[in-house]
Amino acid sequence: MSPSTSALWHPFADMGAVESSPLVIDRAEGVTVWDEDGRAYLDATAALWFANLGHGRAELADVAADQIRKLDAYSTFGDYGNRPAFELADRLAGLFPEAGAKVFLTSGGGDSIDTAAKIARASWYHRGQPERVHLISRTHGYHGTHGFGTAIAGIPANLGGFGPQAPDASVVPHDDVAALEQEILRVGPERVAAFFCEPVIGAGGVHLPPEGYIEAAVAVCRKYGVLFIADCVICAFGRLGTWLGIDRWPVVPDLVTMAKGINGGVVPLGAVLVRDEVAAPFFPGSPGAPVLRHGATYAGHPVAARVALSALDIYEREGLIARGRALEGVLADAVAPLAGHELVGDVRAGLGLLSGIDLGPAVLEALPGAPAIWQMGCREAGVLVRPLGRGVAVSPPLTVQEQDIARIGDALHAGLEKVA
Ligand code: PLP
(Lines give C-alpha, C1' and ligand atoms only; values in the text may rest on other atoms or scores of the structure.)
Protein backbone atom coordinates (compact mmCIF):
# COMPACT_ATOMS: atom_id res chain seq x y z
CA MET A 1 0.00 0.00 0.00
CA SER A 2 1.53 3.32 -0.99
CA PRO A 3 1.60 6.21 1.52
CA SER A 4 -1.12 8.81 1.13
CA THR A 5 -0.11 12.03 -0.58
CA SER A 6 -3.55 13.49 -0.10
CA ALA A 7 -4.60 16.51 1.93
CA LEU A 8 -7.65 14.54 3.11
CA TRP A 9 -8.22 14.80 6.87
CA HIS A 10 -10.01 11.63 7.94
CA PRO A 11 -12.70 11.83 10.65
CA PHE A 12 -11.90 10.13 13.95
CA ALA A 13 -8.42 9.21 12.75
CA ASP A 14 -4.85 9.26 14.02
CA MET A 15 -3.56 11.04 10.93
CA GLY A 16 0.00 10.28 11.93
CA ALA A 17 -0.78 6.62 11.40
CA VAL A 18 -3.30 6.92 8.58
CA GLU A 19 -1.10 9.05 6.32
CA SER A 20 1.41 6.23 6.00
CA SER A 21 -1.06 3.41 5.44
CA PRO A 22 -4.59 4.32 4.33
CA LEU A 23 -6.86 1.49 3.22
CA VAL A 24 -8.05 2.85 -0.11
CA ILE A 25 -11.41 1.37 -1.01
CA ASP A 26 -11.80 1.30 -4.74
CA ARG A 27 -15.06 -0.47 -5.55
CA ALA A 28 -17.86 -2.42 -3.96
CA GLU A 29 -20.50 -4.94 -4.95
CA GLY A 30 -23.01 -6.62 -2.67
CA VAL A 31 -21.29 -7.37 0.63
CA THR A 32 -17.79 -7.18 -0.85
CA VAL A 33 -15.44 -4.24 -1.20
CA TRP A 34 -12.08 -4.17 -2.98
CA ASP A 35 -9.03 -2.06 -2.22
CA GLU A 36 -6.89 -0.44 -4.87
CA ASP A 37 -4.59 -3.45 -4.92
CA GLY A 38 -7.55 -5.63 -5.88
CA ARG A 39 -7.85 -7.34 -2.51
CA ALA A 40 -11.43 -8.30 -1.60
CA TYR A 41 -12.95 -7.89 1.86
CA LEU A 42 -16.28 -8.90 3.32
CA ASP A 43 -17.86 -5.65 4.50
CA ALA A 44 -19.01 -6.69 7.97
CA THR A 45 -19.69 -3.05 8.86
CA ALA A 46 -21.99 -2.00 5.98
CA ALA A 47 -19.47 0.84 5.66
CA LEU A 48 -20.46 2.86 8.75
CA TRP A 49 -23.70 1.00 9.54
CA PHE A 50 -25.34 2.37 6.43
CA ALA A 51 -24.92 0.23 3.32
CA ASN A 52 -27.93 -1.80 4.49
CA LEU A 53 -28.92 -2.69 0.92
CA GLY A 54 -25.47 -3.96 0.04
CA HIS A 55 -23.26 -2.06 -2.37
CA GLY A 56 -23.51 -1.37 -6.09
CA ARG A 57 -27.25 -1.15 -6.67
CA ALA A 58 -27.55 -0.21 -10.35
CA GLU A 59 -31.19 0.74 -9.78
CA LEU A 60 -30.13 3.53 -7.42
CA ALA A 61 -27.48 4.74 -9.85
CA ASP A 62 -30.09 4.89 -12.59
CA VAL A 63 -32.68 6.85 -10.62
CA ALA A 64 -29.99 9.26 -9.41
CA ALA A 65 -28.85 9.85 -12.98
CA ASP A 66 -32.45 10.30 -14.20
CA GLN A 67 -33.21 12.74 -11.42
CA ILE A 68 -30.03 14.73 -12.06
CA ARG A 69 -31.07 15.06 -15.70
CA LYS A 70 -34.62 16.11 -14.80
CA LEU A 71 -34.10 18.32 -11.75
CA ASP A 72 -30.55 18.16 -10.44
CA ALA A 73 -30.88 20.46 -7.46
CA TYR A 74 -33.29 22.85 -5.87
CA SER A 75 -34.03 23.99 -2.38
CA THR A 76 -37.21 23.50 -0.37
CA PHE A 77 -36.83 26.74 1.57
CA GLY A 78 -39.92 28.89 1.85
CA ASP A 79 -42.65 27.80 -0.55
CA TYR A 80 -40.35 25.87 -2.91
CA GLY A 81 -40.89 22.15 -3.21
CA ASN A 82 -40.12 19.21 -5.43
CA ARG A 83 -42.01 15.95 -5.99
CA PRO A 84 -39.37 13.56 -4.64
CA ALA A 85 -39.16 15.53 -1.38
CA PHE A 86 -42.97 15.61 -0.98
CA GLU A 87 -43.31 11.91 -1.77
CA LEU A 88 -40.49 10.89 0.54
CA ALA A 89 -41.86 12.95 3.43
CA ASP A 90 -45.29 11.37 3.03
CA ARG A 91 -43.85 7.90 2.83
CA LEU A 92 -41.70 8.40 5.93
CA ALA A 93 -44.64 9.95 7.82
CA GLY A 94 -46.54 6.75 7.01
CA LEU A 95 -43.94 4.77 8.97
CA PHE A 96 -44.62 6.73 12.17
CA PRO A 97 -46.82 4.82 14.62
CA GLU A 98 -49.39 7.65 14.76
CA ALA A 99 -51.11 9.62 12.02
CA GLY A 100 -50.22 13.22 11.31
CA ALA A 101 -46.44 13.13 11.76
CA LYS A 102 -44.42 15.80 9.97
CA VAL A 103 -41.05 15.17 8.34
CA PHE A 104 -38.04 17.50 8.26
CA LEU A 105 -35.42 16.40 5.74
CA THR A 106 -31.73 16.87 6.58
CA SER A 107 -28.25 16.18 5.19
CA GLY A 108 -27.37 13.31 7.52
CA GLY A 109 -27.47 11.97 11.06
CA GLY A 110 -25.74 14.79 12.91
CA ASP A 111 -27.94 17.29 11.12
CA SER A 112 -31.00 15.24 12.16
CA ILE A 113 -29.89 15.35 15.79
CA ASP A 114 -29.40 19.10 15.85
CA THR A 115 -32.68 19.54 13.99
CA ALA A 116 -34.51 17.36 16.53
CA ALA A 117 -32.98 19.22 19.49
CA LYS A 118 -33.97 22.56 18.04
CA ILE A 119 -37.48 21.40 17.08
CA ALA A 120 -37.97 20.06 20.61
CA ARG A 121 -36.91 23.35 22.18
CA ALA A 122 -38.82 25.47 19.65
CA SER A 123 -41.96 23.39 20.10
CA TRP A 124 -41.87 23.99 23.85
CA TYR A 125 -41.17 27.67 23.28
CA HIS A 126 -44.25 28.03 21.11
CA ARG A 127 -46.34 25.89 23.43
CA GLY A 128 -45.74 28.35 26.26
CA GLN A 129 -42.93 26.52 28.07
CA PRO A 130 -39.78 28.34 26.88
CA GLU A 131 -37.84 27.26 29.96
CA ARG A 132 -37.86 23.65 28.71
CA VAL A 133 -34.39 23.58 27.14
CA HIS A 134 -32.45 20.89 29.03
CA LEU A 135 -31.51 17.75 27.11
CA ILE A 136 -30.77 14.36 28.68
CA SER A 137 -28.87 11.57 26.97
CA ARG A 138 -27.31 8.22 27.94
CA THR A 139 -23.85 6.92 28.69
CA HIS A 140 -22.27 5.31 25.60
CA GLY A 141 -24.75 7.23 23.42
CA TYR A 142 -23.46 8.66 20.16
CA HIS A 143 -25.49 11.36 18.49
CA GLY A 144 -23.12 12.70 15.86
CA THR A 145 -20.65 15.53 15.98
CA HIS A 146 -22.68 18.68 15.34
CA GLY A 147 -23.24 21.24 18.10
CA PHE A 148 -26.09 19.65 20.03
CA GLY A 149 -24.89 16.14 19.24
CA THR A 150 -21.51 16.91 20.76
CA ALA A 151 -23.08 18.55 23.81
CA ILE A 152 -25.13 15.40 24.56
CA ALA A 153 -22.30 12.95 23.87
CA GLY A 154 -22.36 9.89 26.07
CA ILE A 155 -18.83 8.93 25.03
CA PRO A 156 -16.52 11.15 27.12
CA ALA A 157 -13.62 10.87 24.66
CA ASN A 158 -15.70 12.69 22.06
CA LEU A 159 -15.77 15.80 24.25
CA GLY A 160 -12.03 16.00 24.84
CA GLY A 161 -10.24 19.09 23.58
CA PHE A 162 -13.28 21.01 22.46
CA GLY A 163 -13.70 23.16 25.56
CA PRO A 164 -16.97 23.65 27.40
CA GLN A 165 -20.17 22.47 25.73
CA ALA A 166 -23.62 23.98 25.95
CA PRO A 167 -24.52 23.72 29.65
CA ASP A 168 -28.10 22.58 29.34
CA ALA A 169 -27.45 18.88 28.92
CA SER A 170 -26.71 15.89 31.12
CA VAL A 171 -25.99 12.20 30.74
CA VAL A 172 -27.60 9.33 32.69
CA PRO A 173 -26.60 5.65 32.92
CA HIS A 174 -27.80 3.97 29.74
CA ASP A 175 -29.55 1.05 31.42
CA ASP A 176 -31.24 2.67 34.42
CA VAL A 177 -34.70 4.23 34.12
CA ALA A 178 -34.72 5.22 37.80
CA ALA A 179 -31.63 7.34 37.12
CA LEU A 180 -33.43 9.02 34.24
CA GLU A 181 -36.35 9.90 36.49
CA GLN A 182 -34.03 11.18 39.21
CA GLU A 183 -32.22 13.37 36.72
CA ILE A 184 -35.49 14.83 35.42
CA LEU A 185 -36.45 15.63 39.02
CA ARG A 186 -33.00 17.04 39.81
CA VAL A 187 -33.08 19.40 36.83
CA GLY A 188 -36.76 20.15 37.34
CA PRO A 189 -39.29 18.61 34.93
CA GLU A 190 -40.40 22.06 33.83
CA ARG A 191 -36.86 22.66 32.50
CA VAL A 192 -36.35 19.40 30.59
CA ALA A 193 -37.10 19.52 26.86
CA ALA A 194 -36.17 16.05 25.69
CA PHE A 195 -34.47 12.73 26.27
CA PHE A 196 -32.33 11.30 23.46
CA CYS A 197 -32.29 7.52 23.24
CA GLU A 198 -30.75 5.13 20.74
CA PRO A 199 -32.93 2.00 21.05
CA VAL A 200 -29.79 -0.10 20.64
CA ILE A 201 -26.68 2.01 21.23
CA GLY A 202 -24.44 1.61 18.21
CA ALA A 203 -21.21 3.59 17.96
CA GLY A 204 -20.83 3.58 21.74
CA GLY A 205 -20.10 -0.14 21.51
CA VAL A 206 -23.46 -1.86 20.77
CA HIS A 207 -25.40 -1.86 24.03
CA LEU A 208 -28.79 -3.55 24.03
CA PRO A 209 -31.50 -2.06 26.24
CA PRO A 210 -32.44 -4.15 29.26
CA GLU A 211 -35.81 -5.88 29.01
CA GLY A 212 -38.56 -3.29 29.54
CA TYR A 213 -36.15 -0.34 29.47
CA ILE A 214 -37.58 1.38 26.38
CA GLU A 215 -41.21 1.13 27.51
CA ALA A 216 -40.29 2.38 30.99
CA ALA A 217 -38.17 5.26 29.67
CA VAL A 218 -41.00 6.41 27.41
CA ALA A 219 -43.41 6.20 30.36
CA VAL A 220 -41.13 8.32 32.57
CA CYS A 221 -40.79 10.91 29.80
CA ARG A 222 -44.58 11.04 29.38
CA LYS A 223 -45.06 11.39 33.14
CA TYR A 224 -43.00 14.60 33.18
CA GLY A 225 -43.89 15.90 29.71
CA VAL A 226 -40.35 15.28 28.45
CA LEU A 227 -40.12 14.57 24.71
CA PHE A 228 -38.76 11.13 23.88
CA ILE A 229 -36.42 11.40 20.89
CA ALA A 230 -35.56 8.02 19.41
CA ASP A 231 -32.22 8.36 17.67
CA CYS A 232 -32.63 5.69 15.02
CA VAL A 233 -29.83 6.84 12.73
CA ILE A 234 -28.39 3.31 12.99
CA CYS A 235 -31.44 1.37 14.18
CA ALA A 236 -33.87 2.29 11.39
CA PHE A 237 -34.24 0.65 7.99
CA GLY A 238 -33.97 -2.95 9.02
CA ARG A 239 -31.01 -2.88 11.39
CA LEU A 240 -33.39 -3.92 14.20
CA GLY A 241 -35.69 -5.78 11.82
CA THR A 242 -38.26 -2.98 11.62
CA TRP A 243 -38.63 0.22 9.60
CA LEU A 244 -37.92 2.75 12.33
CA GLY A 245 -36.02 0.72 14.91
CA ILE A 246 -38.00 2.18 17.81
CA ASP A 247 -41.12 0.47 16.39
CA ARG A 248 -39.70 -2.80 17.64
CA TRP A 249 -41.29 -1.72 20.94
CA PRO A 250 -44.96 -0.82 21.53
CA VAL A 251 -44.27 2.87 22.16
CA VAL A 252 -44.94 6.16 20.42
CA PRO A 253 -41.84 8.37 20.31
CA ASP A 254 -42.17 12.14 19.99
CA LEU A 255 -39.43 12.50 17.41
CA VAL A 256 -37.40 9.98 15.42
CA THR A 257 -34.04 10.86 13.90
CA MET A 258 -32.82 8.86 10.92
CA ALA A 259 -30.19 8.91 8.15
CA LYS A 260 -27.73 6.23 6.90
CA GLY A 261 -29.90 3.37 5.57
CA ILE A 262 -32.62 5.80 4.47
CA ASN A 263 -31.27 5.54 0.93
CA GLY A 264 -28.68 2.85 1.40
CA GLY A 265 -26.14 5.58 2.14
CA VAL A 266 -25.75 6.28 -1.54
CA VAL A 267 -26.41 10.03 -1.27
CA PRO A 268 -26.15 11.99 2.02
CA LEU A 269 -29.62 12.31 3.53
CA GLY A 270 -31.35 12.30 6.88
CA ALA A 271 -34.81 12.94 8.27
CA VAL A 272 -36.60 13.79 11.48
CA LEU A 273 -40.12 12.47 12.04
CA VAL A 274 -42.08 14.71 14.37
CA ARG A 275 -45.22 13.70 16.19
CA ASP A 276 -48.30 15.73 15.30
CA GLU A 277 -48.67 17.53 18.62
CA VAL A 278 -44.96 18.51 18.71
CA ALA A 279 -45.13 20.01 15.22
CA ALA A 280 -48.58 21.53 15.79
CA PRO A 281 -47.47 25.10 16.69
CA PHE A 282 -45.86 25.36 13.26
CA PHE A 283 -48.87 23.98 11.35
CA PRO A 284 -51.89 25.98 12.54
CA GLY A 285 -53.71 25.69 9.22
CA SER A 286 -53.62 29.41 8.40
CA PRO A 287 -50.94 32.03 7.61
CA GLY A 288 -49.08 33.75 10.41
CA ALA A 289 -47.58 30.62 12.00
CA PRO A 290 -44.29 30.66 13.91
CA VAL A 291 -41.43 29.99 11.54
CA LEU A 292 -38.82 27.35 12.39
CA ARG A 293 -35.75 29.33 11.36
CA HIS A 294 -33.71 26.20 10.75
CA GLY A 295 -32.74 24.03 7.80
CA ALA A 296 -29.79 23.23 5.57
CA THR A 297 -29.27 24.04 1.90
CA TYR A 298 -29.64 20.37 1.02
CA ALA A 299 -32.87 19.80 3.00
CA GLY A 300 -35.22 18.04 0.59
CA HIS A 301 -32.56 17.64 -2.10
CA PRO A 302 -34.38 16.04 -5.05
CA VAL A 303 -31.63 13.55 -5.92
CA ALA A 304 -31.19 12.31 -2.34
CA ALA A 305 -34.97 12.05 -1.93
CA ARG A 306 -35.50 10.28 -5.24
CA VAL A 307 -32.80 7.71 -4.39
CA ALA A 308 -34.43 7.22 -0.99
CA LEU A 309 -37.80 6.46 -2.60
CA SER A 310 -36.16 3.75 -4.71
CA ALA A 311 -34.26 2.44 -1.70
CA LEU A 312 -37.54 2.11 0.21
CA ASP A 313 -38.94 0.17 -2.77
CA ILE A 314 -35.97 -2.21 -2.60
CA TYR A 315 -36.35 -2.75 1.16
CA GLU A 316 -40.01 -3.63 0.56
CA ARG A 317 -39.58 -5.73 -2.56
CA GLU A 318 -36.71 -7.84 -1.17
CA GLY A 319 -38.14 -8.18 2.32
CA LEU A 320 -34.95 -6.73 3.77
CA ILE A 321 -36.51 -5.01 6.77
CA ALA A 322 -37.66 -8.29 8.33
CA ARG A 323 -34.33 -9.87 7.37
CA GLY A 324 -32.56 -7.77 10.00
CA ARG A 325 -34.58 -9.64 12.60
CA ALA A 326 -34.44 -13.02 10.87
CA LEU A 327 -30.63 -12.92 10.90
CA GLU A 328 -30.10 -11.54 14.41
CA GLY A 329 -30.00 -15.03 15.91
CA VAL A 330 -27.61 -16.23 13.22
CA LEU A 331 -25.21 -13.40 14.02
CA ALA A 332 -25.62 -13.97 17.75
CA ASP A 333 -24.76 -17.66 17.28
CA ALA A 334 -21.73 -16.78 15.16
CA VAL A 335 -20.22 -14.47 17.79
CA ALA A 336 -21.33 -16.42 20.89
CA PRO A 337 -18.29 -18.78 20.93
CA LEU A 338 -16.03 -15.72 21.33
CA ALA A 339 -17.35 -15.40 24.88
CA GLY A 340 -15.24 -18.43 25.78
CA HIS A 341 -12.03 -16.91 24.44
CA GLU A 342 -9.52 -15.91 27.11
CA LEU A 343 -9.00 -12.43 25.60
CA VAL A 344 -12.69 -11.59 25.32
CA GLY A 345 -14.59 -9.77 28.05
CA ASP A 346 -18.14 -9.41 26.79
CA VAL A 347 -20.21 -10.37 23.74
CA ARG A 348 -23.38 -8.40 22.98
CA ALA A 349 -25.76 -9.51 20.22
CA GLY A 350 -29.23 -10.87 19.62
CA LEU A 351 -31.27 -7.74 19.02
CA GLY A 352 -30.89 -6.68 15.41
CA LEU A 353 -28.17 -7.36 12.90
CA LEU A 354 -25.35 -5.85 14.92
CA SER A 355 -22.98 -7.00 17.60
CA GLY A 356 -20.30 -5.59 19.88
CA ILE A 357 -17.54 -7.74 21.30
CA ASP A 358 -15.30 -6.37 24.07
CA LEU A 359 -11.83 -7.46 25.02
CA GLY A 360 -11.23 -8.28 28.66
CA PRO A 361 -9.96 -5.60 31.08
CA ALA A 362 -6.52 -7.22 31.48
CA VAL A 363 -5.90 -7.15 27.72
CA LEU A 364 -6.97 -3.52 27.44
CA GLU A 365 -4.81 -2.50 30.35
CA ALA A 366 -1.73 -4.22 28.94
CA LEU A 367 -2.44 -3.16 25.36
CA PRO A 368 -4.75 -0.12 25.04
CA GLY A 369 -4.57 -0.29 21.23
CA ALA A 370 -5.80 -3.87 21.18
CA PRO A 371 -9.17 -3.14 19.45
CA ALA A 372 -7.35 -1.62 16.47
CA ILE A 373 -4.94 -4.57 16.38
CA TRP A 374 -7.92 -6.94 16.41
CA GLN A 375 -9.46 -4.99 13.54
CA MET A 376 -6.23 -5.39 11.56
CA GLY A 377 -6.19 -9.09 12.28
CA CYS A 378 -9.72 -9.41 10.90
CA ARG A 379 -8.71 -7.35 7.89
CA GLU A 380 -5.87 -9.78 7.20
CA ALA A 381 -8.49 -12.52 7.34
CA GLY A 382 -10.44 -10.62 4.66
CA VAL A 383 -13.19 -9.16 6.83
CA LEU A 384 -13.75 -5.49 7.69
CA VAL A 385 -14.92 -4.90 11.28
CA ARG A 386 -14.98 -1.69 13.30
CA PRO A 387 -12.87 -1.02 16.39
CA LEU A 388 -15.09 0.65 19.00
CA GLY A 389 -14.28 1.48 22.58
CA ARG A 390 -13.25 -1.73 24.31
CA GLY A 391 -13.49 -4.02 21.29
CA VAL A 392 -14.96 -4.28 17.83
CA ALA A 393 -18.41 -4.13 16.28
CA VAL A 394 -20.00 -5.78 13.28
CA SER A 395 -23.12 -4.74 11.37
CA PRO A 396 -23.17 -6.32 7.91
CA PRO A 397 -25.52 -5.32 5.10
CA LEU A 398 -29.01 -6.83 5.39
CA THR A 399 -28.27 -8.77 2.20
CA VAL A 400 -25.57 -10.80 3.94
CA GLN A 401 -25.82 -14.59 3.62
CA GLU A 402 -25.57 -17.06 6.49
CA GLN A 403 -22.20 -18.35 5.26
CA ASP A 404 -20.89 -14.76 5.24
CA ILE A 405 -21.94 -14.41 8.86
CA ALA A 406 -20.06 -17.61 9.69
CA ARG A 407 -17.02 -16.07 8.00
CA ILE A 408 -17.33 -13.01 10.20
CA GLY A 409 -17.25 -15.24 13.28
CA ASP A 410 -14.18 -17.08 11.96
CA ALA A 411 -12.35 -13.83 11.14
CA LEU A 412 -13.04 -12.46 14.62
CA HIS A 413 -11.43 -15.59 16.05
CA ALA A 414 -8.49 -15.44 13.65
CA GLY A 415 -8.00 -11.73 14.32
CA LEU A 416 -7.66 -12.37 18.06
CA GLU A 417 -4.42 -14.21 17.36
CA LYS A 418 -2.88 -10.81 16.51
CA VAL A 419 -3.89 -9.50 19.92
CA ALA A 420 -2.50 -12.43 21.87
N1 PLP B 1 -26.86 9.28 15.72
C2 PLP B 1 -26.41 8.02 15.75
C3 PLP B 1 -27.12 7.02 16.59
C4 PLP B 1 -25.32 7.65 14.97
O5 PLP B 1 -24.85 6.40 15.01
C6 PLP B 1 -24.72 8.62 14.14
C7 PLP B 1 -23.56 8.24 13.30
O8 PLP B 1 -23.03 7.16 13.39
C9 PLP B 1 -25.22 9.91 14.15
C10 PLP B 1 -26.29 10.21 14.95
C11 PLP B 1 -24.58 10.96 13.31
O12 PLP B 1 -24.79 10.72 11.95
P13 PLP B 1 -23.82 11.34 10.85
O14 PLP B 1 -22.50 10.66 10.99
O15 PLP B 1 -24.53 11.06 9.55
O16 PLP B 1 -23.74 12.80 11.13
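Two strands count as paired if DSSP finds at least two bridges between them. Helices (H or I, at least four residues) and strands (E, at least two) are DSSP runs, numbered from the N terminus. The model is predicted: local features need pLDDT of at least 70, side-chain atom pairs count only at pLDDT 80 or more, and totals for chains, interfaces and linings use all residues. Residue numbers start from 1 along each chain, as its sequence is written.

**View 1. An open sheet of four strands, in the order 1-2-3-13.** Pairing in this sheet is mixed. Strand 1 (25–29) and strand 13 (383–384) are at the edges, each with a single partner strand, so one side of each has no neighbour in the sheet. Strand 2 (residues 32–35) and strand 3 (residues 40–43) run antiparallel, joined by three bridges. Within strand 3, Tyr41 is the residue opposite Val33.

**View 2. An open sheet of seven strands, in the order 4-10-9-8-7-5-6.** Here too the pairing is mixed. Strand 4 (102–106) and strand 6 (169–172) are the edge strands, and each pairs on one side only. On average, neighbouring strands of this sheet are turned by 20° against each other, direction ignored. Axes are lines fitted to C-alpha atoms, for helices over the stretch in contact, and angles run from 0 to 180 degrees between N-to-C directions.

**View 3. Strand 9 (residues 255–258) and its two partners, strand 8 and strand 10.** Strands of a sheet pair through backbone hydrogen bonds, either parallel or antiparallel. Strand 8 (residues 227–231) pairs with strand 9 in the parallel sense, over three bridges. Strand 10 pairs with strand 9 in the antiparallel sense, over four bridges. Val256 of strand 9 is the bridge partner of Ala230. Val256 also has a bridge partner in strand 10, Leu273. Asp231 has Thr257 of strand 9 as its bridge partner. In a regular strand the side chains alternate between the two faces of the sheet. From strand 9, Leu255 and Thr257 point one way, Val256 and Met258 the other, and all are buried. A residue is buried if 20 or more other C-beta atoms lie within 10 Å of its own, exposed if 12 or fewer, and partly exposed in between, with C-beta atoms placed from the backbone.

**View 4. Helix 5 (residues 109–126) across the strands.** This helix lies across strand 4, strand 5 (134–138), strand 7 (192–197), strand 8, strand 9 and strand 10 (270–274). Helix 5 runs at about 25° to strand 10. Two residues are in contact if their C-beta atoms, placed from the backbone, lie within 7 Å.

**View 5. The shell around the ligand, with 14 residues.** The closest are Gly108, Gly109, Gly110, Gly144 and Val233. A residue is near a molecule or strand if its C-beta atom, placed from the backbone, lies within 6 Å of it. Helix 5 gives the most to the shell, with three residues. By class, the shell has six nonpolar, six polar and two charged residues. Ala, Val, Leu, Ile, Met, Phe, Trp, Tyr, Cys and Pro count as nonpolar, Asp, Glu, Lys and Arg as charged, and the others, Gly among them, as polar.

**View 6. Helix 7 (residues 177–187) across strand 5, strand 6 and strand 7.** Helix 7 runs at about 155° to strand 6. Its buried residues include Val177, Leu180, Glu181 and Ile184. These cover an arc of only 95° around the axis, which puts them on the same side of helix 7. The arc is that of the directions from the helix axis to the C-beta atoms. Ala178 and Arg186, on the other side of helix 7, are exposed. The buried residues of helix 7 pack against strand 5, strand 6, strand 7 and helix 8 (213–224).

**View 7. Strand 12 (residues 355–359), mostly covered.** Five of its five residues are buried. Ser355, Ile357 and Leu359 point one way from strand 12, Gly356 and Asp358 the other. Strand 11 (residues 344–348) runs antiparallel to strand 12, joined by four bridges. Gly356 of strand 12 stands opposite Arg348. The hairpin of strand 11 and strand 12 has six residues between the strands, and Gly350 takes a positive phi near 110° there. Strand 15 (residues 391–394) also pairs with strand 12 in the antiparallel sense, over four bridges. In strand 15, Gly391 is the bridge partner of Asp358.
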